[in-house]
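Please look over the sequence and the model shown here before reading the report.

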Amino acid sequence: MEAWLEARDIEASRDEVRGLPVVKAEVGPAEAPTIVLEGHIDVVPAHPEQFEPRLEGDRLYGRGAYDMKGAIAAMMVVTAALRDQDRVRVRLGIVGDEESEEGEDRGCDSLVDNGFTGDFAITGEPTDLHIGVEAKGVLALRLEVGGTAAHGATPWLGDNAVLNAIDVFRSIESLPFARQSSELFDRPSINLGRIWGGDALNKVPDRCVIDVDIRYLPGQDPDALLAAVRALPGVTATPLLVRPPATVDRHSPFVRGLREAA
């Protein structure tokens, strides 16, 4: 990315956050209204074959093509195209840890903390080419659920913590907040992403840990959601990552400009 930008006479710089790259570039006059184009190059885990890109007709398939290297490529081209104009300042920021689970010391936080901000920001997350003016918040929880150990030959003498954890997850899905909706979202999303339980095949597990990813709606209170989860019997809940929802004024002149351009 840096070489591509510099080959087009655009100075690029690189920082690191937890050993991962944060690439920055700017074009246009410093005193002009500033637009920030932001994206990430990291991806969620995948099978090895998913990292082999393939073309089918005019479509590119491969891990990260949609989320969000396609948008990164578009933003780089836009930045280069606007290099010599004098109406707007464009700041391109690319991070390497958007998909990570770190609650602190993140690439985007580093951009903001170091003043890499503007009058309006566009992130290249997939929206099916619609203009997205809201995003859900994140409440990622680690839940520990107990049980009673017993021999695998007599499971009725124990209390299976793995099965209890599944019941806890179903209970979260049944909490009142999970049935709420907003103008742009029909409901929050709740995903059981990881589970650890049991230490022997022939033993009823007495402890299970699950990681649950709750994407809550604008207007919902993450503290209230956490309290509701903690009120469930037999569960200990620890927040891993909490991020607020994002809401943009749909009447913003920048949003109107995007709509007119689209």
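## Domains and their interface

This is a predicted model, and its chain is divided into domain 1, covering residues 1-126, and domain 2, covering residues 135-243. Between the C-alpha centres of domain 1 and domain 2 the distance is 34 Å, and the contact draws on six residues from domain 1 and four residues from domain 2.

The size of an interface is often expressed as the accessible area that is lost when the parts come together. Here the area buried between domain 1 and domain 2 is about 370 Å², and carbon and sulfur atoms give 31% of that area.

## Polar and charged contacts across the interface

Two salt bridges are counted between domain 1 and domain 2, and two residue pairs are in polar contact across the interface of these domains, both at pLDDT 80 or more. Sorted by class, the side of domain 1 that touches domain 2 has four charged and two polar residues, and no nonpolar ones.

## Salt bridges in the chain

The count for the structure comes to 18 salt bridges. One of them joins Arg14 to Glu2, with a distance of 2.8 Å from N to O. Arg14 belongs to strand 1 (residues 12-17) and Glu2 to helix 1 (residues 2-6), so this pair ties together parts of the chain that are 12 residues apart in sequence.

Another salt bridge is formed by Glu101 and Arg194, whose closest N and O atoms are 2.7 Å apart.

## The aromatic pair

A pair of aromatic rings is described by two values, the distance of the centres and the angle of the planes. The structure holds one aromatic pair. Its members are Phe120 and Phe254, whose ring centres lie 4.9 Å apart with the planes at 10°, and because planes under 30 degrees apart count as stacked, the pair is placed in that class.

Phe120 is in strand 7 (residues 120-123), whereas Phe254 is in helix 6 (residues 253-261), and the pair therefore links distant parts of the chain, 134 residues apart.

## Backbone geometry

The peptide bond leading from Asp67 to Met68 is cis, with omega near 0°, and Met68 lies in helix 2, which covers residues 65-81.

At Asp128, a residue other than glycine, phi has a positive value near 55°. Asp128 is found in the loop between strand 7 and strand 8 (134-135).

Key
Residues are numbered from 1 along each chain as its sequence is written. This is a predicted model: local features need pLDDT of at least 70, side-chain atom pairs count only at pLDDT 80 or more; totals for chains, interfaces and linings use all residues. Side-chain values use heavy atoms; hydrogens and water are left out. Domain bounds come from an automatic or database domain assignment. Contact means heavy atoms within 4.5 Å. Buried area is the accessible area (1.4 Å probe) that two parts lose on being put together, summed over both. A salt bridge is a side-chain nitrogen of Lys or Arg within 4 Å of a carboxyl oxygen of Asp or Glu. A polar contact is a pair of N or O atoms within 3.5 Å; within protein, one must be able to donate a hydrogen and the other to accept it, and residues adjacent in sequence count only if both atoms are side-chain atoms. Ala, Val, Leu, Ile, Met, Phe, Trp, Tyr, Cys and Pro count as nonpolar, Asp, Glu, Lys and Arg as charged, and the others, Gly among them, as polar. Rings of Phe, Tyr and Trp (its six-membered ring) pair if their centres lie within 6.5 Å; planes under 30 degrees apart count as stacked, over 60 as edge-to-face and the rest as tilted. Helices (H or I, at least four residues) and strands (E, at least two) are DSSP runs, numbered from the N terminus.
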